[in-house]
Structures are given as C-alpha cells and as structure tokens.
Amino acid sequence: MYYGFDIGGSKIALGVFNQERRLQWEKRVATPKSSYEDFLQAVEALVREADERFDQQGSVGIGIPGMPETADGTLYAANVPAASGRPLRADLSARLGRDVRLDNDANCFALSEAWDDEFTQYPLVMGLILGTGVGGGLVLNGKSITGHSYITGEFGHIRLPVDALEVVGRDFPLLRCGCGQLGCIENYLSGRGFAWLYEHFYQQPLSSPEIVAQWQQHDPRAQAHVERYLDLLAVCLGIY
C-alpha cells in the first residue's frame, strides 16, 4: 500500500492507495502549530492506524510546503513552523521503521496533474496551490523541475509586481512574509491573505469562509472583493 500525505499549515491529510493507485482510505487531522513532538506524533498515529487497518506496512510519501531537505538535512517550511528547521525525514523514518520520502507539496501536485491523461500532451505544466500559503510547481516533459534549493515554481515568494498597485492602490502596504521578505505574493493571495485584503479595504475582520458565504449570497462588498482578488491573481500570474 502507498501512504500519501499532504501536509500544510492547517491540516495533515493521508490518502492510502493500492497497487493500482486507487484510493482505499483517507483521513485528516489538524496540523500542530508549535510542538514538533506533537507534529511527529500526529503523522505517526495516522501511519499506525493505516498499518493496522490494512494489516501491512505501507510506503510513506509526504508533500509539504517549502524546502523538504536543506543542506544540513532539515526542513524549511515557513507555513509549518512546528517542523521547520527540523530533520523531519530522518526523524519520521526512524520512528516509523521505514524510509520516508519527502518532497515539496506543489511539486507533487504539479507532477500528479502532468501525468494525468488530460495534460500529457503538454511539455510544460504548472501547478498552483492557493491555501494557507501559495505554492507552485513546474513539470517539464514529465519531470519535476525543482532547482538547487527547491524554489523553482515557488510563485508565492515572488514580490508583488508594480502592476498590482493598479488593482490595490499606490499606497498599498508591503507585509512581512514568514520567509522574511517584504511583499511576497503569498501575503495577499493565500487564504489568510484573502481575509486580510477584505479587512484592509473594508475595516471589517471576516474569515475567508465567511467572505465566500457572503459572496454566494450576492453581498456587494464580498462580490467586489472577489473581483479585486481575481484581478490581483491575474496580474501576478501574468508576470510568471
């Protein structure tokens, strides 16, 4: 069996697949925010539950934001602070008693889509993730292009382009990103960025689901906000 993990800033999701790559079982839990031990235990508990359910030890692969393994063997993931700076692959391999494969989540997503029958005709495929953060992956001729530091395709950490100011205004603030830079696209196009933009323009704090719910009810503010967000996304994609 194959155990595929999708780990992000909000959730740890596990999908178990058989030899034909068909989904057999899935489960998700919240991502621990601060404790590395809690993070390891959350992943281990899901693996042990799957082992018991299918009466075998499955192989484990994990997609996670950021650089899965830096030169010193540690993970760099601004949106998963509990595990960032830790030797995640080595620690999980030791705890689980099997080799654990780790890769950037957007690279995994883009590769999966590129191998789909619908996209095999295209030599270059880009995958974009809009979630807790903003990630991107590039696939050329069926192979993931990662670059030396796993940042090829990391769309979210390009700075906001000057053309975006035509959408959001010339006095728009540049926010400090979790990666340390100012004005990363991720600050504005992620789920939390979507909510921040609404509060910035309307001085009313709402969560992203609340804004979407109001948009579905044809609220004028929410509709204008979604249009502005889509315009901003289009401008940012246009520079890629």
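The centres of domain 1 and domain 2, taken over C-alpha atoms, are separated by 31 Å. The structure shown is a predicted model.

**Figure 1. The whole protein chain and its domain assignment.** In the domain assignment, domain 1 covers residues 2–103 and domain 2 covers residues 158–237. The secondary structure of the protein chain consists of eight helices and eight strands. The radius of gyration is 19 Å, close to the 18 Å given by the globule rule for 240 residues, so the protein chain is as compact as a globular protein of that length. Along the principal axes, the C-alpha trace spans about 55 × 40 × 40 Å. Of the 240 residues, 41% count as buried. Among contacts between residues at least 6 apart in sequence, 53% join residues at least 24 apart.

**Figure 2. The largest nonpolar core.** This core has 29 residues, of which Tyr 3, Phe 5, Phe 39, Ile 62, Ile 64 and Leu 88 touch the most other members. Two or more residues each come from strand 1 (2–7), strand 2 (11–17), helix 1, strand 4 (59–64), helix 2 (88–96) and strand 5 (100–104). Helix 1 gives the largest share of the core, eight residues. A second, separate core has 23 residues, including Ile 185, Tyr 202, Leu 206 and Leu 232.

**Figure 3. The surroundings of Ile 64.** Ile 64 is one of the residues that touch the most other members of the largest nonpolar core. Not counting residues up to four places away in sequence, Ile 64 touches Ile 7, Phe 39, Leu 75, Val 80, Leu 88, Leu 102, Asp 103, Asn 104 and Asp 105.

**Figure 4. Glu 44 in helix 1.** Helix 1 runs over residues 36–54 and includes Glu 44. Glu 44 has a relative accessibility of 18% and counts as buried, because buried means under 20% relative accessible area. The side chain of Glu 44 makes a polar contact of 3.1 Å with the side chain of Arg 95. With neighbours within four places in sequence left aside, the residues in contact with Glu 44 are Arg 95 and Leu 96.

Figure 5. Thr 31 sits in the loop between strand 3 (23–30) and helix 1. The relative accessibility of Thr 31 is 5%, so this residue counts as buried. A polar atom of the Thr 31 side chain lies 3.0 Å from the backbone nitrogen of Lys 11. Apart from neighbours within four places in sequence, Thr 31 is in contact with Gly 8, Gly 9, Ser 10, Lys 11, Ile 12, Phe 39 and Val 80.

**Figure 6. Helix 3 and the strands it packs against.** In helix 3 (residues 105–114), the buried residues are Asp 105, Ala 106, Asn 107, Ala 110 and Ala 114. These buried residues pack against strand 1, strand 4, strand 5, strand 6 (124–130), strand 7 (134–140) and strand 8 (143–145). At the start of helix 3, the backbone nitrogen of Ala 106 has a side-chain oxygen of Asn 104 within 2.9 Å. Ser 112 is also in helix 3, and is partly exposed with a relative accessible area of 46%. From C-alpha to C-alpha, Ser 112 and Leu 182 are 32 Å apart in space and 70 residues apart in sequence.

**Figure 7. Gly 135 in strand 7.** Gly 135 belongs to strand 7 and counts as buried at 9% relative accessibility. Leaving aside neighbours within four places in sequence, Gly 135 is in contact with Ala 106, Gly 127, Leu 128, Ile 129, Gly 153 and Glu 154. Ala 106 is one of the buried residues of helix 3. Gly 66 is 69 residues from Gly 135 along the chain, and their C-alpha atoms are separated by 8.3 Å.

**Figure 8. Pro 209 in helix 7.** Helix 7 covers residues 208–216 and includes Pro 209. With a relative accessible area of 60%, Pro 209 is exposed. Pro 209 and Gln 223 are 14 residues apart in sequence, and 14 Å separate them in space, C-alpha to C-alpha.

Conventions. Residues are numbered from 1 along each chain as its sequence is written. This is a predicted model: local features need pLDDT of at least 70, side-chain atom pairs count only at pLDDT 80 or more; totals for chains, interfaces and linings use all residues. Side-chain values use heavy atoms; hydrogens and water are left out. Domain bounds come from an automatic or database domain assignment. Helices (H or I, at least four residues) and strands (E, at least two) are DSSP runs, numbered from the N terminus. Buried means under 20% relative accessible area, exposed over 50%, partly exposed in between (1.4 Å probe, protein chains only). A polar contact is a pair of N or O atoms within 3.5 Å; within protein, one must be able to donate a hydrogen and the other to accept it, and residues adjacent in sequence count only if both atoms are side-chain atoms. Contact means heavy atoms within 4.5 Å. A nonpolar core is a set of buried Ala, Val, Leu, Ile, Met, Phe, Trp, Tyr and Cys residues joined through side-chain atoms within 4.5 Å. The radius of gyration is taken over C-alpha atoms; the globule rule is 2.2 Å times the number of residues to the power 0.38.
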